[in-house]
Amino acid sequence: MKPGADIHKDISSARGNLNPLYAEMGKRLRIIRINLNYTQEQMAEILEMSSAYYGKVERGLHGLSLNKLVIANRKLDIDINYLLTGDKRGELFLEKIIEECPRNKRYDMEQLIKYAVNLVKEPER
């Protein structure tokens, strides 16, 4: 057997045994990082881990602990559900809601939306 052959065997078997959950989570985390314009080193620092470990997370070799998921949510406002499953939070599109609202109810709907907007604008007491 050639020297180093065991190392290559270990690497290829590790790649063959990738956890699909980790692989998909790593892809989504990489996309989030790129959208935030962070380097892997910056993300690792924010998530309080080594950059080497973070790189393995992005490659799907390791996952994030519960503690790291909470940190990602709190510090980066990352939706944990999206990170784990790929499912995004439900998004509301007011135009679509109004469009689907029966014509005889649109005025009432618009008044409710105006009321909701005013609630958000009103300073807390």
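Author: A salt bridge is a side-chain nitrogen of Lys or Arg within 4 Å of a carboxyl oxygen of Asp or Glu. The model is predicted, so local features need pLDDT of at least 70 and side-chain atom pairs count only at pLDDT 80 or more, while totals for chains, interfaces and linings use all residues. Residues are numbered from 1 along each chain as its sequence is written, and side-chain values use heavy atoms, with hydrogens and water left out.

Reader: What makes E48 and K75 a salt bridge?
Author: The closest N and O atoms of E48 and K75 are 2.9 Å apart. That value falls within the limit, so the pair qualifies. The two residues come from distant parts of the chain: E48 sits in the loop between α3 and α4, K75 in helix α5, and 27 residues separate them.

Reader: How many salt bridges does the structure hold?
Author: There are three. One of them joins R33 to E58, with the closest N and O atoms 2.5 Å apart. R33 belongs to helix α2 and E58 to helix α4, 25 residues apart, and the pair links distant parts of the chain. Both R33 and E58 are buried. Another salt bridge is formed by the side chains of K27 and E24, at 3.3 Å from N to O.

Reader: Why are K27 and E24 separated by about one helical turn?
Author: Because they are three residues apart in helix α2. K27, at 48% relative accessibility, counts as partly exposed. E24, at 36%, is therefore partly exposed.

Reader: Why is K68 said to have no salt bridge?
Author: K68 is buried, and the nearest side chain of opposite charge, E48, is 4.5 Å away (Lys and Arg count as positive, Asp and Glu as negative; His and the chain ends are not counted). K68 lies in helix α5. Beyond four places in sequence, K68 touches L47, E48 and M49 (a contact is heavy atoms within 4.5 Å).

Reader: What does the side chain of R28 reach?
Author: The R28 side chain reaches the backbone oxygen of Y82 at 3.0 Å. A polar contact is a pair of N or O atoms within 3.5 Å; within protein, one must be able to donate a hydrogen and the other to accept it, and residues adjacent in sequence count only if both atoms are side-chain atoms. R28 is found in helix α2, and R28 is buried yet has no salt bridge.

Reader: Why is α2 called a helix, and how many residues has it?
Author: Helices are DSSP runs (H or I, at least four residues), numbered from the N terminus. α2 has 16 residues, so α2 passes the length condition. From first C-alpha to last, α2 reaches 23 Å, close to the 22 Å expected at 1.5 Å a residue (the expected span is 1.5 Å times one less than the number of residues). At the start of α2, a side-chain oxygen of N19 comes to within 2.8 Å of the backbone nitrogen of L21. N37, which follows α2, has a positive phi, near 60°.

Reader: Which residues of α2 are buried?
Author: They are A23, M25, G26, R28, L29, I32 and R33. Their cover includes α3, α4, α5 and α6.

Reader: What makes a set of residues a nonpolar core?
Author: The members are buried Ala, Val, Leu, Ile, Met, Phe, Trp, Tyr and Cys residues joined through side-chain atoms within 4.5 Å. The largest such core here has 18 residues, and those with the most contacts inside it are L29, L47, Y54, L64, I78 and L83. Two or more residues come from each of α2 (20-35), α3 (40-46), α4 (51-58), α5 (66-76) and α6 (80-85). With four residues, α5 gives the most. Leaving aside neighbours within four places in sequence, L29 is in contact with M43, Y54, V57, E58, L64, I78 and L83.

Reader: How many helices and strands are in the protein chain?
Author: It has eight helices and zero strands. Of its 125 residues, 23% are buried.

Methods. Buried < 20%, exposed > 50% of the residue type's maximum accessible area, 1.4 Å probe, protein only.
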